[in-house]
Amino acid sequence: MAELPEDPLFGGSTSWHSSPPSRSWCVYAYTWARSLHTTTLIMTIYWGQNSYGATSSVTANYQQPISHYCQDDTINVLPVAFVYEFFGTGGMPVLNLANTCNPTDNATFPGTDLADCSALAADIEYCQSKGKIVTISLGGYGASVGFTDDAQAQTFAQTIWNLFLGGSSTIRPLGSAVLDGVDLDIEGGGSTGYAAFVTEIRSLASGAGKPYYITAAPQCPFPDANLGSVIDQVGFDAIYVQFYDNSCALPNYNVVSDWNFGQWDIWAQQTSPNPNVKIYIGAPASSTAAGSGYVSVADLSNIAVQMRKSFPSFGGVMLWDASQAYANNRYDLAIKQALSATGSTGFTYPACSAAAYVSGQVYTAGEEVSYQGYIWEAAYWTNAVPTSGSSNGWSAISACAGSPTAPITTTSTNSSPTPTTTGTVNCSGVAAWQTNVVYTAGNKVTYGGYLWTAKWWTENNIPGDPSGDWTNDGAC
């Protein structure tokens, strides 16, 4: 059994937002929590897909054996990607590790399309001997995944346990290597069965002699279309949020209405069944690693350090993928050095330095308030209560502690929308504004306690935002 890594994925638990997990999970969480204040933050890098090779013919930079990426202390966690088909030939999953091992170029187990990658066992075990966590990642973009019901998911969990984790089977795709957990990169197929899958893996691991970890890699829009309900139901140890290929991507960090790490932190603190779950900034390791979302080493370092100082759930950085990071002048090393410079993983809450929120007051873009343990910034004109919802005009920019400064009341409209009528208007029977609904000229909605009329065709532009798509008809 490999030694416990020096760097924790998550903290120990003393209270739970729902029913507690298995005893062994709590024990391992506590074991790692004891070193939280003396260790550095985590660097997770996916390995297995040779992302660099998909966009370049420079074979010298193609994906190397996994042990190549375990030669120093930079990388802490390596999800092996991917099991990209759950039920292939013979009902067995299909593993594809690109140029390293795949069902086309390598032998497969009889009656299946499951590649025999047992030659990788020594490399994986070498990484584990260096304190790395090596997990099996399920899914990926375009994968053939999903379950019909909970029973099928539970059976599949037993299959994964026996093939890759602590179970036993005559078929072991990675030979003698016993991986350290499961990662869910589910980008299609819905959410059915995944909570049951995770629960079954936890149950199987409850009597094991080593810790097993479960992570997920949702897209940054909250909640995630496939995993949103799943992470609400069962405890995960780490969430690798993909802050790329979406409007909430890293290049939009300075756009208050787009960057939503605070929303993920609020989920971690208030909703996650594991209140000590860690949230990671997922990033492309080079400009060719994703369709969009790549930022320079300096920019990602600055963003990561700021999130580390602002939110208690911040756990580190996840990169896609190892081949891209190494080809891009060791992008991973530069980011890890920036994280390490911030010190231990203990968190000190910043003071609630912004003025206290005043109910009903109008705030304009850029104004900050303190409310319920967070500092919030207004993305545009709003008189709504600050919450983690994406349509109320507020974004949580930092957790905070202590008493906020005295509230500041103002009557200035500062170019914010002003009602075209005075007094109270009748909003009876008028539906509330909704995202992803097309409105045309003359359509009426309610939002923020006001009646609004669309000036022209509009979709996803919030009443009162800078687009000017709506006329404020007055308070309801």
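This is a predicted model: local features need pLDDT of at least 70, side-chain atom pairs count only at pLDDT 80 or more; totals for chains, interfaces and linings use all residues.
User: What makes C220 and C248 a disulfide?

Analyst: Their sulfur atoms sit 2.0 Å apart, and that is within the cut-off, so the pair qualifies.

User: And why is the disulfide of C220 and C248 given its handedness?

Analyst: The torsion about its S-S bond is about 90°, so this one is right-handed. The link ties together distant parts of the chain, 28 residues apart: C220 is in the loop between β6 (213–216) and α5 (228–233), and C248 in the loop between β7 (238–242) and α6 (261–270). Those labels come from DSSP runs numbered from the N terminus, with helices being H or I of at least four residues and strands E of at least two.

User: How do you know that C70 and C127 are bonded?

Analyst: Same test: S to S comes to 2.0 Å, which is within the limit, so we call it a disulfide. With 95° about the S-S bond, the C70 and C127 link is right-handed. Here the partners are 57 residues apart, C70 in the loop between β1 (42–45) and β2 (77–85) and C127 in helix α2 (residues 121–129).

User: Why is C70 called buried?

Analyst: Buried means under 20% relative accessible area, exposed over 50%, and partly exposed in between (1.4 Å probe, protein chains only). C70 has 2%, so it lands in the buried class. C127, at 0%, is therefore buried as well.

User: What links C427 to C476?

Analyst: A disulfide, with S to S at 1.9 Å. At -85° about the S-S bond, the C427 and C476 link is left-handed. C427 lies in the loop between β12 (394–399) and β13 (438–439), and C476 in the segment after β17 (470–475), 49 residues away.

User: How many disulfides does the structure hold, and what pattern do they follow?

Analyst: It holds five. Counting bonded cysteines along the chain, the pattern is 1-4, 2-3, 5-6, 7-8, 9-10.

Methods. Residues are numbered from 1 along each chain as its sequence is written. Side-chain values use heavy atoms; hydrogens and water are left out. A disulfide is a pair of cysteine sulfur atoms within 2.5 Å.
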